[in-house]
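Good morning, and thank you for joining this presentation.

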Amino acid sequence: MIIMEQDKIGQFIKNIRIKNNLTQQAFAKKLGVTYQAVSKWENSKSIPDIEMLKLISVNFNVNFDDLINGEKKNNSRQYKFFLIIATVLIIFLFLTFALVCFYPKNDRDFEFKTISTTCKDFTINGSAAYNHDKTSIYISNVIYCGKENNSVYKKIECSLYEKYDNINKLVSKCDHEEENVTLENFLEDVQINVDNYSATCKKFKDSYLYLEIKATDVDGLNTTYQIPLTLKENC
């Protein structure tokens, strides 16, 4: 399991941007994200997913391990230690390669896919981890990029739904609820984490998942956004 330190990664990304003489806007454009997402990374409000970290590593010629650790590792003793470990692993893999190739993939192994949205007014970072038993869902970095909206709402709620055979089923509600807040500020802290979503990947692909955001103004009028969710690749 990779444990990533959000503060260190955010500062490391900021240093990469400054070293390359890029504004947040220019840096975001190179990565295909919004400048708000870059700002959140640098201010330790969120971290990029694994695929985005790989993209940063490739685009700016940064060691991936340094990036996920949030610092450069120059300790020669550590390097020698890892070199020895790597050599042992290569020998082990070489000896077991033929045996492993003849066995089918374990049905309990997890695979990961990126979750995104086709909605033009929102961008979303998320991932789905699935095997033949279950699917887990993690959604963060929900960013509103539609027309300017500075309204202060009395209450905003968000929920994850599954629509299957014309039936809407509540999967999870956001961990975060707030009153008297703008839509942009509310979304800064929105996260959904479904650790044991019972659907398999096939059902997840064939069903219709969407994120619903309901904003209620001081007069009690509701504005509802429904954001369809898709996998970056088929399962």
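Arg-17 forms a salt bridge with Glu-42, and the closest N and O atoms are 2.6 Å apart in this predicted model. The pair links distant parts of the chain, since Arg-17 belongs to helix H1, residues 6-19, while Glu-42 belongs to helix H3, residues 35-42, 25 residues apart. Are these two partners buried or exposed? Arg-17 is buried, with a relative accessible area of 10%. Glu-42 is buried as well, with a value of 9%. Both therefore fall under the 20% limit that defines a buried residue.

I turn next to a second pair. The side chains of Glu-188 and Lys-45 meet in a salt bridge, with an N to O distance of 3.4 Å. Glu-188 lies in the loop between helix H7 (183-187) and strand E7 (192-197), and Lys-45 lies in the loop between H3 and H4, so the pair ties together parts that are 143 residues apart in sequence. Glu-188 counts as partly exposed, at 26% relative accessibility. Lys-45 is also partly exposed, with a relative accessible area of 44%.

Lys-54 and Glu-51 form a salt bridge through their side chains, at 4.0 Å from N to O. Because these residues are three residues apart in helix H4, about one helical turn separates them. Lys-54 is partly exposed at 40% relative accessibility, and Glu-51 is partly exposed at 41%.

Let us now consider Phe-60. Where is this residue placed? Phe-60 is found in the loop between helix H4 (50-59) and helix H5 (64-69). Phe-60 counts as buried because its relative accessibility is 12%, under the 20% limit. Leaving aside residues up to four places away in sequence, Phe-60 touches Ile-16, Asn-20, Leu-22, Phe-27, Lys-30 and Leu-31. One of these, Lys-30, is 30 residues from Phe-60 in sequence, and their C-alpha atoms are 10.0 Å apart in space.

I close with the chain as a whole. The protein chain contains eight helices and nine strands. Of its 235 residues, 37% are buried. Among contacts between residues at least 6 apart in sequence, 58% join residues at least 24 apart. The accessible surface comes to about 15,100 Å², and carbon and sulfur atoms account for 51% of that surface.

Key:
Residues are numbered from 1 along each chain as its sequence is written. This is a predicted model: local features need pLDDT of at least 70, side-chain atom pairs count only at pLDDT 80 or more; totals for chains, interfaces and linings use all residues. Side-chain values use heavy atoms; hydrogens and water are left out. Helices (H or I, at least four residues) and strands (E, at least two) are DSSP runs, numbered from the N terminus. Buried means under 20% relative accessible area, exposed over 50%, partly exposed in between (1.4 Å probe, protein chains only). Contact means heavy atoms within 4.5 Å. Accessible areas come from the Shrake-Rupley method with a 1.4 Å probe; for residues, only the protein chains shown count as cover.
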